[in-house]
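Here is a short briefing on a two-chain model. Read it with the structure open.

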Amino acid sequence: MNSPASEKRLEQLREKAWQEGVVPGRGVDVVGGPIPRKPGYYGEPVVKPPVWTWEIPLYFFFGGIGGMSAVIALGAALFHHVDLSRAAMWIAAVAGAVLSPILLIMDLGRPHRFLNMLRVFKHRSPMSMGAWILTAFGACAVPGLIALELHAYHVFPGALDQLLRVVAGVLIFGAAIFGTLLATYTGVLIGATAIPAWFLHRTLLPIHFGTAGLGSAAAVLELLGHRIAALNFIGFYAAAVETALLIWLSLAKHGAADRAIHEHGSGWLIRIGEAFNGPLALVLRLFGFIPWAAISFLAGALVSRIGWIAVGKVSGSDPEAVFASQRS
Amino acid sequence: MIGEGTHSTNQRRHNYVQENVEVGFFTDPTVCIGCKACEVACKEWNEVPDDGFTWSGNSYDNTGHLGASTWRHVMFLEQDRQKGNQIAGTMSLGDGEDPFRWVFLSDVCKHCEEAGCLEACPTGSIVRTETGTVFVQDDVCNGCGYCVVSCPFGVIDRRPAPLPDAGGAFKCTFCYDRQKSGLVPACAKVCPTESIVFGRLDDLRAHATKRVEDLRQHGYNDAQLYDPTDTSVRGIHAFFLLLGEPEAYGLPPRPQVPTIYLKSAWTAAFATAIASLLVTLLAFAFSS
C-alpha cells in the first residue's frame with residue numbers, strides 16, 4: 001500500500017505532467033506511472049546519431065570551396081583570365097588539397113591510420129568514393145597549381161614552358177572534374193545513411209552542398225578583389241538556387257520524420273544559413289553590394305553546413321523520427 | 001534446444017566456420033528471465049571495457065542501449081497487457097482488470113544479410129565471415145565513423161576515449177574467435193533458459209516459426225517474428241520473437257539498408273556537378 005507521502009508525490013507528478021506534457025526524471029515513465037510514456041524503448045535512440053565533431057562541417061565548407069574553385073579556374077583559364085585562374089587554383093589547392101585532408105584526418109578516431117582509406121575502392125560507399133575523389137583532386141590541384149605558376153613566371157624557356165602550359169591545362173581540367181565531385185559527394189555521404197532527416201533530403205543535399213560550394217568559391221575570389229561579371233553571374237546563380245532550395249525545404253516537410261530540420265536549434269541553423277546564402281545574398285547582389293553579398297553567402301554556407309550536421313545529431317537521437325520515416 | 005542437454009546446439013562443438021554454414025541467433029523473450037548472464041559473458045569473453053554505471057530508472061535496465069562497449073543488452077519492458085493466458089489482477093482502485101506483463105529481450109547486433117555498416121566501411125575493415133556474420137577487424141578500422149550512421153538498427157558505435165582501444169568502431173563479433181575453434185558464442189553458451197539459441201540459420205528459422213505458432217495457440221496473440229526479410233535488409237542473422245510491436249523494443253519497423261538511397265543521391269550530385277561546370281563556362285563565355 002502506498003504511503004501518503006508517495007501518493008502526494010505522485011499527485012505532484014501527475015499535475016506537472018498534465019500541465020507541461022512531460023516530466024523529466026528517472027523512473028517516472030514506467031507502466032502505470034503518471035507520465036505519458038516516451039516513444040519506443042524508454043525514448044532511447046533507434047539509430048545512432050553521428051559521432052562527427054566540428055571538423056566535418058568545416059570540411060564540407062572548405063571542400064566545397066576548394067572543389068568549385070578549380071571549376072572557376074578552368075573557366076578563367078579557358079577565357080584567358082590568367083590572374084583569376086591562378087588565384088582560383090591557389091584556393092583550390094589550399095582549401096581542397098591541404099585543409100580538407102587535414103580536417104578529415106583530425107576527425108578520424110585513429111588518425112594515424114588515415115591511409116587505410118586507400119586500401120579498398122568501394123563504389124557503394126560514399127566515404128570510400130570521397131577518399132578517392134579527394135585524393136584524385138589533390139593529385140590534380142597541387143601539381144596543376146605548380147605547373148600554372150611555373151608557366152606564369154616563365155621559369156623554363158621555350159618548348160618546356162609550352163609543355164608546362166599544356167600540363168597545367170590538363171591538370172586544371174582534372175581538378176575541375178574531381179572538384180565538382182568533391183563539392184557534391186558530401187551530400188551523398190550524409191544523404192545515404194540511416195538518419196531520417198538526412199536520407200529524406202538526399203536529392204536536395206548534393207544540390208545544396210555543390211551550389212553552396214560554387215557560390216562560396218566565387219565569393220572568396222570576389223573578396224580577394226576579382227570583380228568581374230562572370231563571378232557576379234555565378235554569385236547570382238548560386239544565391240538563386242539556394243533561395244529555391246530554401247523554398248523546397250519549407251514545402252517538402254515530412255512531419256515527425258524530419259522535424260529536426262524545422263524545429264529545435266538545428267532547424268534554426270538551417271533556416272538562418274539558407275536565408276544568408278539564399279535570399280539575403282541575392283538581394284544584396286541585386287543592389288550591387290557585392291562584398292556584402294559575398295560575405296553573406298559564405299556565412300550562410302558555413303552555418304548551413306554546421307546546421308546539417310546538427311540536424312543529423314538531433315534526428316538520429318529521435319526514435320519517433322525513425323518510426324515516422326518508416327511508417328508510410 | 002532446452003532439454004537436449006549437451007546435444008543442444010548451444011552446448012555442442014561444431015564446424016560451422018570450416019563448413020561455411022550460415023549461423024544465427026534466435027532470441028525468445030518468452031523464456032528470458034532477465035538475468036543478464038549474456039551481457040556478462042559477452043563482456044568477459046571479449047574483454048569489453050565497462051562504460052560507466054548509471055542508474056536509469058527504466059525498470060531493471062541500467063544498460064540502456066547497444067554500443068561500442070555493449071554488445072548484448074537485455075531490455076526490460078513493462079507493459080499493461082496480458083501475457084498469454086495469465087489471469088490479470090484487479091485494480092487496487094476501481095473494479096477493472098489490471099493486466100501487466102514484464103518482457104525481457106536480449107538485444108544484439110542483427111548481422112544483416114545486406115549490412116549497412118559493411119557497405120559503408122571505406123577501409124574494408126568490416127567483412128562478412130564464412131558463417132555469414134558481420135565482423136569488424138579492429139586492426140584495420142581507422143575510426144571514420146561512417147558505419148555508425150549507416151546501421152539501420154543503431155548497433156555499431158565508435159568507442160570514446162579514455163576506454164581501451166578508443167577511436168575504433170565496435171560491435172558484436174558473433175564470437176567469431178570462439179566459432180573458429182568450434183565453440184558456441186559466449187552469450188548463447190551461458191544462457192540458462194536457452195532464450196538465446198545459437199545454431200544453423202535454416203534450423204533456427206524453422207524452429208522460430210513453430211515457436212510462434214505454439215505461443216499463439218497458448219494465448220500469446222501478439223507473438224511475431226522480427227526478421228525483416230521483405231525490406232532491403234533482406235533478413236537478419238540474429239532475429240527475434242517479439243510480443244507486440246517492434247517499436248516498443250526500439251526496433252525499426254521497416255529497416256532499410258542506406259545503399260538504396262545511393263542512386264537518387266548520386267544522380268542529384270552528378271546533375272549539380274554538370275550544372276556547375278556549364279554555368280561557370282557560360283558565365284565566362286558571356287562576359288568575355
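**Strand pairing in chain B**

In S10(B), B:Ile196 is the bridge partner of B:Thr27. The model is predicted.

- S1(B) and S10(B) run antiparallel and are joined by five bridges.
- Strand S1 (residues 23-27) of chain B also pairs with strand S12 (residues 238-243) of chain B. This pairing is parallel and has three bridges.
- On the S12(B) side, B:Phe25 stands opposite B:Ala238.
- These strands belong to an open sheet of four strands in chain B, in the order S10-S1-S12-S11. The pairing in the sheet is mixed.
- Strand S10 (196-200) and strand S11 (223-226) of chain B are the edge strands, and each pairs on one side only.
- From one strand to the next, the twist averages 20 degrees.

*Burial in the sheet*

- Why is S1(B) largely enclosed by the rest of the structure? Five of its five residues are buried, so the rest of the structure largely encloses S1(B).
- Both faces of S1(B) are covered. B:Val23, B:Phe25 and B:Thr27 are buried on one side, and B:Gly24 and B:Phe26 are buried on the other.

- Chain A has 12 helices and zero strands.
- Chain B has seven helices and 12 strands.
- The C-alpha trace of chain A spans about 100 × 50 × 35 Å along its principal axes. For chain B, the C-alpha atoms fill a box of roughly 85 × 55 × 40 Å, also taken along the principal axes.
- Of the 328 residues in chain A, 54% count as buried. In chain B, buried residues make up 48% of the 288 residues.
- Take the contacts in chain A between residues at least 6 apart in sequence: 74% of them join residues at least 24 apart.
- In chain B, 66% of the contacts with a separation of 6 or more come from residues 24 or more positions apart.

*Helix H7 of chain B*

- Helix H7 (residues 262-287) of chain B has 26 residues. From its first C-alpha to its last it reaches 37 Å, close to the 38 Å expected at 1.5 Å a residue.
- Which helices do the buried residues of H7(B) pack against? They pack against four elements of chain A: helix H2 (55-78), helix H5 (158-191), helix H7 (204-223) and helix H8 (229-251).
- The buried residues of H7(B) include B:Leu262, B:Trp266, B:Thr272, B:Ser276, B:Val279 and B:Phe284. Also among them are B:Ala265, B:Ala268, B:Ala269 and B:Ala273.

*A helix pair in chain A*

- The axes of helix H3 (residues 82-107) and helix H4 (residues 126-152) of chain A come within 9 Å. They cross at roughly 145 degrees.
- The crossing of H3(A) past H4(A) is left-handed.
- On H3(A), the residues that meet H4(A) include A:Val82, A:Arg86, A:Met89, A:Trp90, A:Gly96 and A:Pro101.
- On H4(A), the residues that meet H3(A) include A:Leu134, A:Phe137, A:Gly138, A:Val142, A:Leu148 and A:Glu149.
- By class, this contact has 14 nonpolar, five polar and two charged residues.

How values were computed: Residues numbered from 1 in each chain as written. Chains lettered and ligands numbered in written order. Predicted model: local features only at pLDDT ≥ 70, side-chain atom pairs only at ≥ 80, totals over all residues. Helix = DSSP H or I, 4+ residues; strand = E, 2+ residues; numbered from the N terminus. Expected span 1.5 Å × (residues − 1). Buried ≥ 20, exposed ≤ 12 C-beta atoms within 10 Å, placed from the backbone. Contact = placed C-beta atoms within 7 Å. Axes fitted to C-alpha atoms, helices over the stretch in contact; angles between N-to-C directions. Left-handed = near helix turned anticlockwise from the far one by under 90°. Nonpolar A, V, L, I, M, F, W, Y, C, P; charged D, E, K, R; others polar. Pairing = 2+ DSSP bridges.
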